[in-house]
Amino acid sequence: MKKVSISFTLNGNSVTAEVPETWTLLKTLREYFELTGAKEGCGVGECGACTVIMDGQAINSCLCPIPEVEGRSVDTIEGLAGEDGTLHPLQDAFLKNNGVQCGYCTSGMIMSSKALLDQKPDPTEEEIRTAIAGNFCRCTGYVQIVESVEMAAKELK
Amino acid sequence: MPDNLFVGKSIPRTIEADKVTGKAVYIDDLKRPGMLYGKILYSSHAHARIKSIDTSRAERLEGVRAVLTGRDIPDVRVGFLKDQTVLKRDVVRQYRDEVAAVAAIDPDIAAEAVRLIKVEYEQLPAVFDPYEAMKEGVPLVHEVDARGRPLKSNILPLPWKFKAGDIDQAREDSAFISKDRVSTTWVNQCCMGTSGCIAEFDQNNNLTLYDQTNVIFGHIGRITEYFEQIGLRGKKIRVVNPVVGGSFGTKLDTDIYEFIAIQLALKTRKPVKILFDREEEFFALPPRQPTVFTIEQGCDREGRLLFRHCEAVLDNGAYTSWGATTPSVMIMPMSSLYRVPNVYFKATCVYTNNIYAQAMRGYGNPQATFAVETSMDSLAEAAGIDPAEFRLINRNRPGDHTPMNLKITSCGLEECITAVKEKLDWDEKREEGRGVGMASLIHVAGGARVTKSDGHGIMIKLDEYGHVDVIESGTDQGQGSPTVISQIVAEALGVRPEDIFLTFGDTALALWDAGTHASRHTFMAGNAAIGACAKAKRQILEMAVEQIPKIIKRDFKRKKRKDPGFVEPDLDFTLIANPEDLDIRDRMIFPKKDPDHPYFKIPLTQVLRNGLHVGIGQSKVVVAEEFYDPPTEMLNWEMKGNLSMTYAFGTSGVEVEVDKETGEVKILKLVSAHDVGKAMNPTLLLGQIYGAAYTGVGYGLTEEIKVRNGRVMNPNFRDYQMLTAMDVVPIEPVIVEPMDEDGPFGAKGVGEPGLVPTAPAIANAVYNAIGVRITDLPITPEKVLKALKEKG
Amino acid sequence: MIDYDYLRPDNLEEALRLLKEYGPKAAIIAGGTDVMVKIRNTRKAPEVLVSIRGLNDLRYIDKAGDYRIGALTTHRMLEESDLVKTELSALYDGASKVGSVQVRNVATIGGNICNAAPSADTAGPLLVLDAVVFMEGPDGKRSVPITEFFTGTYRTVLKREEVLTEIRIPGEMEEFGSAYWKHSRRKAMNLPILGIAVSVKMDDQIISDVRIGLTVAAPTPVRAYKAEDFLKGRPLSDEALSEAGRIAASTECCSLRDSLRGEAWYRAEIIETYVPRMARLAAERISKRRSK
Ligand SMILES: Cc1cc2nc3c(=O)[nH]c(=O)nc-3n(C[C@H](O)[C@H](O)[C@H](O)COP(=O)(O)OP(=O)(O)OC[C@H]3O[C@@H](n4cnc5c(N)ncnc54)[C@H](O)[C@@H]3O)c2cc1C
Ligand code: FES
Ligand code: FES
C-alpha cells in the first residue's frame with residue numbers, strides 16, 4: 001500500500017506522518033501518533049467519539065482521509081490541558097459536574113464543546129445541545145454534560 | 001458524631017481525570033508486544049447445515065497467522081445451558097453463529113481474510129416466533145441437549161414458576177379485575193465502547209485476559225471449566241480490566257468472542273485482540289430479549305390488590321446466556337411491587353432462530369414492571385380509582401415481608417409517589433392531547449445473592465507517606481465508584497480522597513467479587529471498605545499508642561537540647577493509652593476526649609513513618625482486607641428468599657403531549673423520584689438517575705433492534721434510535737433519603753432503578769392523554785396513530 | 001483490501017483532467033461523508049479518489065440576481081448564512097438538519113444531491129426553489145433543472161467525468177416563502193422517514209403559486225404537481241390545504257413504500273399532515289419578510 005507523507009500542525013506542533021494513503025485521520029492519530037483519546041465508536045460518522053477540531057471546526061476524524069489534513073491544524077483532547085497539567089475549564093467542569101461517566105464519549109464530547117465555545121463563548125442550552133447532537137452518550141442522559149459546558153463557558157469568560 | 005467531611009458531598013471526579021484528558025486506557029487502546037488481531041466469520045443463515053468451509057484463500061493472504069474453524073478446535077460446549085460451542089462445526093442456528101476466525105497482524109488484513117473464507121450451507125427450516133416455536137411439529141432449534149439426549153420441543157428446560165397464596169379464591173373475592181397483554185422488544189445496551197479482549201498465554205500456558213468486563217471473577221470459573229475440557233487443566237487465569245466504556249449488562253457472561261480470542265492465542269502463541277466494531281456490537285452481542293406478558297390483577301372495593309397472575313413468554317433466541325435467567329428478577333416486581341398477597345407468575349423461555357439474549361440494566365425488571373404498571377392503571381380505571389391514589393393504597397411499607405420473602409427495611413415509596421403527584425400537578429385539568437402517568441419500582445439495592453456467594457472484597461494498605469492503596473475487586477464502568485469509594489475510604493479512615501489510589505479489576509490482586517452488577521457496587525464495596533478501614537484504622541491506632549509517646553518524648557529531648565531552659569509540660573498520657581481513645585480525621589490522629597490537644601494531635605504520616613522505621617524486628621505496615629458477604633438468602637426452589645439486604649423504591653411520573661395527527665409523543669416533564677437511602681455524592685447520584693431515565697425514555701419511545709427472519713436489520717446508530725442530546729427530556733429528579741440501616745453511611749444501590757419505571761409511566765401518560773393504550777414497546781408514532789384511528 | 005490513490009487537484013481544470021485520465025477507475029470525493037462511509041461498509045473502493053475539496057472557488061453563497069451556491073458549499077455554511085435562512089428558508093431547514101455539526105462542517109450540498117439518496121435533505125428544498133444544477137465536463141458546461149437531475153435511486157444525469165459546479169436558484173424565488181419538514185423519530189442524527197418541502201407565493205390570502213417537494217416518497221425526490229395544481233389560486237384554508245395534502249399523498253404524486261424506517265400508510269399520513277403545516281409556515285414566513 002502506498003504511503004504518503006503528510007505535514008500538519010497537531011496540537012500546536014508541526015508534525016509529519018508517514019502513513020498509508022488510505023488511512024483516516026483517526027487511525028493516524030491513534031496508530032501513528034499514539035494519541036488514543038479520540039475513539040472509534042462506529043467508524044462511520046454516527047457516534048462522535050472520534051471528534052477532533054480541524055481548522056477550528058469539529059469534525060469526525062473517522063471520516064477524514066489523511067491526505068486532506070496536509071497543511072491543516074488539528075487539535076485533539078490531548079492538547080487541551082496545559083503543559084503543566086492544568087486542566088482546560090471544560091475538562092475541569094466535566095469532572096466537577098459529572099459530565100463524564102464511563103468516559104468513552106468524553107474526548108469527543110469535550111472537543112465538540114470546545115469548537116462551540118471557541119465560536120460562541122456564550123451559547124444557549126439549545127446551541128450546546130446542537131453542538132453535541134452528533135456525540136452519543138449512553139451514560140449521562142446529557143443533562144450534566146450540558147451543565148458542564150455551561151459551567152465552562154462561565155469559567156472562560 | 002461530627003459531620004462527614006466527604007460522604008454526602010458532591011466531590012468532583014478528579015480521581016478520574018484521565019477520562020477527560022484522553023489518557024484513560026480502554027481495551028481499544030491497549031496493545032501487547034507482538035499482538036495479533038482476531039476477526040470472526042458469522043453465519044449467513046438463520047438455520048443451516050454447514051456443508052463445507054474453504055479457508056485456503058484466507059490462509060494464503062499475507063499477514064494472516066491463523067485461521068480456525070470448528071474442526072480445528074475441541075468441540076466443547078459452553079454457555080449457561082451448555083447449548084453451544086465456540087466455533088460451530090455442523091449446524092448454525094442464528095445469524096450471529098461464529099463459523100470461523102482469523103488472527104492476523106493487522107485488523108484490516110484479518111477482516112479481509114474473513115471475507116475470503118467460503119462456506120457452503122444447506123438451509124434448514126427456521127422458526128422465529130416464540131409462540132410458533134412452542135407448537136408441535138415445528139423445526140427444532142436444538143435436536144439434542146448438552147448431554148446428547150434428544151429434545152422434543154423448543155421450550156427451555158428452565159421452568160420459571162412462582163406461587164404464593166390462593167389465586168382462585170382471590171379472583172373470586174375481587175370486586176374488580178383487569179387483564180392485559182403487553183410486550184417488550186429487543187433493545188441493545190449501546191455501550192459506547194464496543195466489546196473486546198486480549199488473550200495472552202505465557203510459556204506455561206497460563207492465561208492473562210485483558211477484558212472489557214464487569215464480572216472479572218466470573219470469567220475465571222467459566223474459563224477454568226473450559227480449560228479442563230481442552231487439555232489445559234490446572235492452568236491459571238488472570239483477568240485484567242482496562243477502563244470499561246460502559247457495561248449495562250453486556251459483560252456478565254463470557255461471550256463466544258472471548259473463547260475465540262483464547263483459541264487464536266493458543267494457536268498462534270501470541271497475544272490476540274478481538275475488538276468488535278459497531279455492527280458486531282449490534283448483531284453479535286446478546287441484547288435484552290423480547291417478552292410477552294399476559295397479566296391479570298384483581299382488587300377489592302377499597303382498591304386493595306388481591307391477586308396478580310402473570311404468564312410470560314421470552315424469545316430466548318438460539319442459545320442460552322443470562323437472558324434466560326431474567327425471569328428470576330421478574331419475580332421480584334411480580335411478587336413484591338405493591339402489596340399483593342396472592343401471586344402467580346410463570347415464565348417460559350423458548351428457543352428460536354433469532355439472536356440470543358443477555359442482561360441489560362435492570363435485568364428482567366423493566367420488562368416485568370412494564371407489565372405490572374400497565375396493569376395497575378387498567379385496574380385502577382376498572383375500580384374507578386385515581387391511579388396515583390390506587391398506588392398509594394397498595395404501596396409497600398417499611399417492615400413488609402413480601403410473598404417472595406423479601407424483607408423490606410427502609411422504604412420511601414410513599415414519598416416518591418407523593419412527590420411525583422405534586423411535581424406534575426397530578427390533579428390539574430389538562431389541555432386536549434396532554435396527560436400524565438406514573439409507575440413505580442422495586443429493585444435489589446443491597447446486593448443480590450444470585451450465586452452462592454454475594455461477596456465483595458477490598459484491600460487497603462497505607463504507606464509511610466499516608467498514601468492509601470485501595471484494591472477493589474469490582475470494576476469501573478463509569479458508575480462513579482472510584483470517586484465514591486475514595487470518599488468512603490477517606491471518611492472511614494480519616495484521610496482525604498486525594499490520598500487514595502484505586503486499583504480496579506485485576507483478579508490477581510483483588511479478593512473475590514460477585515460482579516459489578518445488580519446495582520450492588522456502592523452498597524457492597526462501601527460496606528467492605530468500611531470494614532477494611534476499621535481494621536486498618538485499628539492497626540494505625542495501635543501503632544499510635546506505641547509511637548505517639550515516643551514521638552513526643554523525642555521532641556521534648558530535642559527542644560531541651562536547643563533550649564536548656566525548656567520545661568517539659570505535664571501531660572496526661574492516659575488520654576492516648578488505648579487505641580479506643582484515639583481517632584483519625586483529615587489526616588490527623590487525636591485523642592477523642594481532647595481532639596485539639598496541642599501535643600497529642602499528630603499527623604497520621606508521622607505515626608506511620610515511625611511505625612515502619614522503628615528498628616530491627618519491630619517494623620510494621622498497615623494493611624487490611626475485608627470480604628463482605630451480607631447475611632442474605634439465595635432463592636429457594638419456590639423462588640423465595642431475601643436475596644438482598646435492602647430494596648430500592650422509586651416512582652417515575654411523566655407528562656406528555658401527543659400529536660394526534662402524527663402520533664408523536666413529546667415528554668413535557670419527567671419526574672424521577674428515588675429512594676436512595678442516602679446520597680453519597682449528590683452530583684454523581686443525579687448522573688445515575690438522569691442516565692437511567694434517558695435510557696428508559698428510549699426504551700419507551702424509540703429504541704428497538706429490528707429483527708426480521710432472524711437478521712438484525714438496523715445494526716448501526718443511524719437506524720437504532722438511541723436518543724441524542726437534541727431529544728430533550730426535561731427530567732426533574734427527586735431524592736428521598738430514608739437512611740438504610742444496613743447501607744454504607746445509609747446508602748442503597750441506584751444504578752438500575754431510574755430505567756425501570758420510565759417506559760410504563762410514559763405508556764400510562766399516553767393513555768391518560770388520548771385514551772388509547774399502547775401495550776407493546778416502543779410506543780412509536782405509527783402505533784399511536786394506528787390506535788387512534790382504530791378508536792375512531 | 002481497501003486501496004486507492006488519493007489525488008488532490010487544486011483547480012477545476014486539473015480535476016476535470018484527472019477524471020478524464022482515469023475514467024471509470026476514478027470517483028469524485030467532496031466532503032466524503034457518503035464516500036468514506038460507503039468504502040468502509042462495502043470494503044470496496046474505486047482505484048482513484050479525486051478529491052475536489054481543494055477547489056475553494058466552488059465554495060460560495062451569493063445573490064446577484066439569481067441565488068448562486070457553489071457545489072462545495074457545506075451544510076454548515078448554508079445553515080449559518082442569513083441570506084439562506086431568510087430568503088431560502090426551506091434550504092436552511094434542510095441543511096441545518098443534516099446529521100450533526102461534525103458532518104455539516106464537511107458535507108457539501110453538491111455531494112448531497114450527487115449522491116442522490118431518496119432521503120437527501122437538500123433535495124426537497126431545492127425542488128421547491130426551482131433550483132438549476134450546473135455541471136462542467138470534458139464537453140463543456142451544461143445545466144439542468146433539479147426536477148430532471150435525479151434519474152433514480154442513487155442515480156443522476158451527471159456523467160462520470162463531470163463535476164457539479166453550482167446550484168442556481170432564480171431570483172424570482174425571492175417572492176416565495178418556503179419551509180421543509182424532516183420527519184424522523186429523533187431530533188438529530190437521523191435520515192428522514194419522509195421529507196416535505198413547500199414554497200408558496202401569496203397574493204393576499206390567495207396562494208398564487210406553489211411548489212411541493214417530497215423525499216423518500218418515491219425512488220427519487222419528486223414534485224407533487226397535481227397537489228400544486230389543485231392549490232394554485234385557492235385560499236390558504238384548512239380545507240384546501242387538507243385536500244392538497246391528500247392529493248400529494250396519493251399515487252398521483254408519489255409511490256410510497258414500506259421500509260425499515262417507516263410504513264407506507266404512515267408516510268401518507270405524514271404527507272397529509274405536513275403539506276398543510278409547511279404551506280402555512282411558508283406563507284407565514286413570506287408575510288413576515290414582507291412586513292419587514
Ligand atoms: C453520520 C452521517 C449523517 C448523515 N445525515 C444525513 C442527513 O441527515 N441528511 C442527508 O441528506 N444526508 C446525510 N448524510 C449523508 C451525507 O452527509 C450527505 O449526503 C452529504 O451532503 C454528502 O456530501 P459530501 O460532500 O460529504 O459528499 P461525498 O461523500 O464526498 O460525495 C457523495 C457523492 O457525490 C459525488 N460528488 C460529490 N461532490 C460532487 C461534485 N461536485 N460533482 C460531482 N459529483 C460529486 C461523489 O462522487 C459521491 O458519489 C449523513 C452522513 C453521515 C456520515
Ligand atoms: S467513530 Fe467517528 S463518528 Fe463514530
Ligand atoms: S460517559 Fe459513557 S458514553 Fe458518555
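A salt bridge is counted where a side-chain nitrogen of Lys or Arg lies within 4 Å of a carboxyl oxygen of Asp or Glu. In the predicted model described here, the side chains of C:Arg277 and B:Glu661 meet in such a bridge, with an N to O distance of 2.8 Å. This pair belongs to the contact between chain B and chain C, across which 5 salt bridges are found.

The contact between chain B and chain C involves 33 residues of chain B and 25 residues of chain C. About 2600 Å² is buried between the two chains, and carbon and sulfur atoms account for 50% of this area. On the side of chain B, B:Arg718, B:Gln721 and B:Glu782 supply 22% of the area buried against chain C, more than any other three residues. Among the secondary-structure elements of chain B, α3 (107–116) and α18 each supply at least two residues of the side that touches chain C. By class, that side of chain B has 16 charged, 11 nonpolar and 6 polar residues.

Chain B also meets chain A. Here 51 residues of chain B are in contact with 43 residues of chain A. The size of an interface is often given as the accessible area lost when the parts come together. For chain B and chain A, this area is about 3800 Å², of which 57% is given by carbon and sulfur atoms. Within chain B, the residues that lose the most area to chain A are B:Val20, B:Met192 and B:Ala725, which together make up 18% of what that side buries.

The interface of chain B and chain A holds 6 salt bridges. One of them joins A:Glu31 to B:Lys31, the closest N and O atoms being 2.8 Å apart. Polar contacts across the interface of chain B and chain A number 27 residue pairs, counted with both residues at pLDDT 80 or more. Two or more residues of the side of chain B that touches chain A are given by α1 (18–21) and by α16 (682–701). The largest share, 9 residues, comes from α16(B). The side of chain B that touches chain A consists of 22 nonpolar, 18 polar and 11 charged residues.

Within chain A, two domains are assigned: domain 1 spans 3–79 and domain 2 spans 89–156. Their centres, taken over C-alpha atoms, are separated by 21 Å. The contact takes 18 residues from domain 1 of chain A and 13 residues from domain 2 of chain A. Between them, the two domains bury about 1100 Å², 59% of it on carbon and sulfur atoms. In domain 1 of chain A, the greatest losses of area to domain 2 are those of A:Thr51, A:Ile53 and A:Ile77, together 41% of what that side buries.

The count of salt bridges between domain 1 and domain 2 of chain A is 0, whereas 7 residue pairs are in polar contact across the domain interface, both residues being at pLDDT 80 or more. Strands β3 (51–54) and β4 (57–60) of chain A each supply at least two residues of the side of domain 1 that touches domain 2. The largest share of this side comes from β3(A), with 3 residues. The residues of domain 1 of chain A that touch domain 2 divide into 7 nonpolar, 7 polar and 4 charged.

Several backbone features were also noted. Most residues other than glycine have a negative phi, and most peptide bonds are trans. A:Asn98 has a positive phi of about 65 degrees although it is not a glycine. A:Asn98 is placed in the loop between α2 (89–96) and α3 (106–119) of chain A. With a relative accessible area of 0%, under the 20% limit, A:Asn98 is therefore classed as buried. B:Lys82, likewise not a glycine, has a positive phi near 50 degrees. B:Lys82 is found in the loop between β4 (77–78) and β5 (84–85) of chain B. The relative accessibility of B:Lys82 is 25%, so this residue counts as partly exposed. In chain B, a cis peptide bond joins B:Leu777 and B:Pro778, with omega about -10 degrees. B:Pro778 is located in the loop between α17 (758–770) and α18 (781–791) of chain B.

Conventions:
Residues numbered from 1 in each chain as written. Chains lettered and ligands numbered in written order. Predicted model: local features only at pLDDT ≥ 70, side-chain atom pairs only at ≥ 80, totals over all residues. Heavy atoms only, no water. Domains from an automatic or database assignment. Contact = heavy atoms within 4.5 Å. Buried area = accessible area lost by both parts, 1.4 Å probe. Polar contact = N/O pair within 3.5 Å; in protein donor to acceptor, adjacent residues only side chain to side chain. Helix = DSSP H or I, 4+ residues; strand = E, 2+ residues; numbered from the N terminus. Nonpolar A, V, L, I, M, F, W, Y, C, P; charged D, E, K, R; others polar. Buried < 20%, exposed > 50% of the residue type's maximum accessible area, 1.4 Å probe, protein only.
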